[in-house]
Amino acid sequence: RNNQQVIDRATIKVIELYQTFNVRFGVMLVGPTGGGKTTCYNTLQQALIDLKMTRPGKNPNFQDVQTYVFNPKCISMGELY
């Protein structure tokens, strides 16, 4: 859809992120620059939105998704957690 190739390892990472969101309220993605963090959550976000549009009412997990990116260096530890 976004001129991205389907790579098995990346697909697994998106599924793992989805599963993590099912058991956690908030998630931090950490890793090296260019490691695929943004691509991973953007892919999951778009997939859930697309599923909501194409299969309305089929699954309550298929919702519009909003993401917020924070710079942890600008937030105190109390605010971050």
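**Entry 1: the model.** I am working from a predicted model.

**Entry 2: the largest pocket.** I looked up its volume first. The largest pocket holds about 1300 Å³ of space. Its lining is made up of 32 residues. I then asked which residues are closest to the centre of the largest pocket. I found Phe21, Gly26, Val27, Met28 and Tyr68 there.

**Entry 3: which elements line the largest pocket.** I went through the helices. H1 (8-23), H2 (37-54) and H3 (77-80) each give at least two residues to this lining. H2 supplies the largest share, with six residues.

**Entry 4: classes in the largest pocket.** I sorted the lining by residue class. I noted 19 nonpolar, nine polar and four charged residues in the largest pocket.

**Entry 5: the second largest pocket.** I turned to the next pocket. The second largest pocket has a volume of about 810 Å³. I noted 33 residues in its lining. Closest to its centre are Ala10, Val14, Thr39, Cys40 and Thr43.

**Entry 6: which elements line the second largest pocket.** Which elements give two or more residues to the lining of the second largest pocket? I found H1 and H2. The largest share comes from H2, which gives 10 residues.

**Entry 7: classes in the second largest pocket.** I sorted this lining too. I noted 17 nonpolar, 11 polar and five charged residues in the second largest pocket.

Conventions. Residues numbered from 1 in each chain as written. Predicted model: local features only at pLDDT ≥ 70, side-chain atom pairs only at ≥ 80, totals over all residues. Heavy atoms only, no water. 1 Å grid on protein atoms, 1.4 Å probe; cavity = no way out; pocket = protein on both sides within 12 Å on 5 of 7 lines; lining within 4 Å. Points joined across faces, edges and corners; volume = space filled by probe spheres on them. Helix = DSSP H or I, 4+ residues; strand = E, 2+ residues; numbered from the N terminus. Nonpolar A, V, L, I, M, F, W, Y, C, P; charged D, E, K, R; others polar.
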